[in-house]
Amino acid sequence: MKIAGSMDGVIVNADSMQVYDVLRVLTARPSPEDEALAAHRLYGHVPPGESYSTGRWLDDVESVLADDAIAGRPLVFVGGTGLYFRALTQGLSPMPAIPDAVRTGMRARLAEEGAAALHRVLAARDPRAAATLRPGDGQRIVRALEVHEVSGRSILDWQAETGTPLIEADDAERYLVLPERDTLYANIETRFDMMVEAGALDEARALLALDLDPSLPAMKAIGVREFADALAGRCAMDEAVARAKTATRQYAKRQMTWFRNQLGEGWRRVERP
């Protein structure tokens, strides 16, 4: 907000969860007050019933770049999805189109057999890809299986091929915020308590009422499954909140590891904004 305000910039979302319209609180989207102070793009513009992808995000970024209403204004990309930043500045790997029948079939298998079983299937078909994925990461396992079934090639081979970046890395100032772990974990505790006070439970209840496919990305937002268990009487609310905080810390740890190892040179590490 400070950077954008100092140069009449436009803030562009680069977080794969903050695109969903019903998840303002649980994904810590900018508040209406923030949006009134600075121009924001690509926040809350996707229904939760859709499976949003990096490719779709890049298409949306192209629309932002072509928007005459903000032509010439600096863009400030911010978010926690490293793949978006890598695709933005390095280009996106081409991927084969997945027929609806294949996608539907794989999702049905995921629901019936579980992620661990499909991980074993992937290990038999594409052991290199399987070795890069956690057995519980159903969404990415399904994606790797879909690509292999349609093309006969490993998803890793496709990912090794890159397209043209929308923004050249050297044309941008790139900052990676890596707080000290104790500070980060304390912030996670405080932030989730603030989310609960701000109506996160009601937001999760509204999302669950849509009765969406649990494999959709929006349904995997941290807090949704935990609150669902509490609402169904499978655990106490205090336990649900504690589990959501733990899940957030685990995600943050994986996220920091990815950022350190995958974003490449040219990113300035800062402890806090």
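R234 counts as exposed, at 58% relative accessibility. Here are the cut-offs: buried is under 20% relative accessible area, exposed is over 50%, and partly exposed is in between, with a 1.4 Å probe and protein chains only. R234 forms a salt bridge with D229. The closest N and O atoms of that pair are 2.8 Å apart. By salt bridge I mean a side-chain nitrogen of Lys or Arg within 4 Å of a carboxyl oxygen of Asp or Glu. D229 is buried, with a relative accessible area of 13%.

Before I go on, the ground rules. This is a predicted model, in which local features need pLDDT of at least 70, side-chain atom pairs count only at pLDDT 80 or more, and totals for chains, interfaces and linings use all residues. Residues are numbered from 1 along each chain as its sequence is written, and side-chain values use heavy atoms, with hydrogens and water left out.

Confidence next. pLDDT is the predictor's confidence in each residue, from 0 to 100. The protein chain averages 92. 100% of the residues score at least 70. Which element has the lowest mean pLDDT? Helix α9, residues 155-159, with 88. Strand β1, residues 10-13, has the highest, with 98. Helices here are DSSP runs of H or I with at least four residues, strands are runs of E with at least two, and the numbering starts at the N terminus.

Back to the salt bridges. How many does a search of the whole structure find? It finds 15. Side chains of opposite charge can pair when their charged atoms come close. Take R56 and E50. They form a salt bridge, with the closest N and O atoms 2.9 Å apart. R56 is partly exposed, at 33% relative accessibility. E50 is partly exposed too, at 31%.

Now D137 and R140. Their salt bridge has its closest N and O atoms 3.1 Å apart. D137 counts as buried, at 13% relative accessibility. R140 is partly exposed, with a relative accessible area of 47%.

There is also a network. E189, D193, K245 and R249 are linked by salt bridges.

Next, charge on the surface. Which residues gather in a patch of positive charge? R181, K253, R260 and R269. A patch takes residues with over 30% relative accessible area and no salt bridge; like charges are joined within 9 Å, and nonpolar side chains (Val, Leu, Ile, Met, Phe, Trp, Tyr) within 5 Å. The areas come from the Shrake-Rupley method with a 1.4 Å probe, and for residues only the protein chains shown count as cover. Lys and Arg count as positive and Asp and Glu as negative, while His and the chain ends are not counted. Each charge is placed at NZ of Lys, CZ of Arg, CG of Asp or CD of Glu. Look at K253 in that patch. K253 sits in helix α13, residues 237-262. K253 is partly exposed, with a relative accessible area of 44%.

Backbone now. Most residues other than glycine have a negative phi. L42 has a positive phi, near 65°. L42 lies in the loop between β2 (39-41) and α3 (54-65). Is L42 buried or exposed? Buried, at 13% relative accessibility. D211 also has a positive phi, about 55°, although D211 is not a glycine. D211 is in the loop between α11 (200-208) and α12 (224-231). D211 is exposed, with a relative accessible area of 68%.

Stay with the loop between β2 and α3, where Y43 lies. Y43 is buried, at 12% relative accessibility. Y43 and V19 are 24 residues apart in sequence, and their C-alpha atoms are 4.8 Å apart.

Last, some wider separations along the chain. A4 is in helix α1, residues 2-6. A4 is buried, with a relative accessible area of 2%. A4 and A232 are 228 residues apart in sequence and 43 Å apart in space, C-alpha to C-alpha. R109 is in helix α5, residues 100-113. R109 counts as partly exposed, at 26%. From R109 to A69 is 40 residues in sequence and 45 Å in space, again C-alpha to C-alpha. R191 is in helix α10, residues 181-197.
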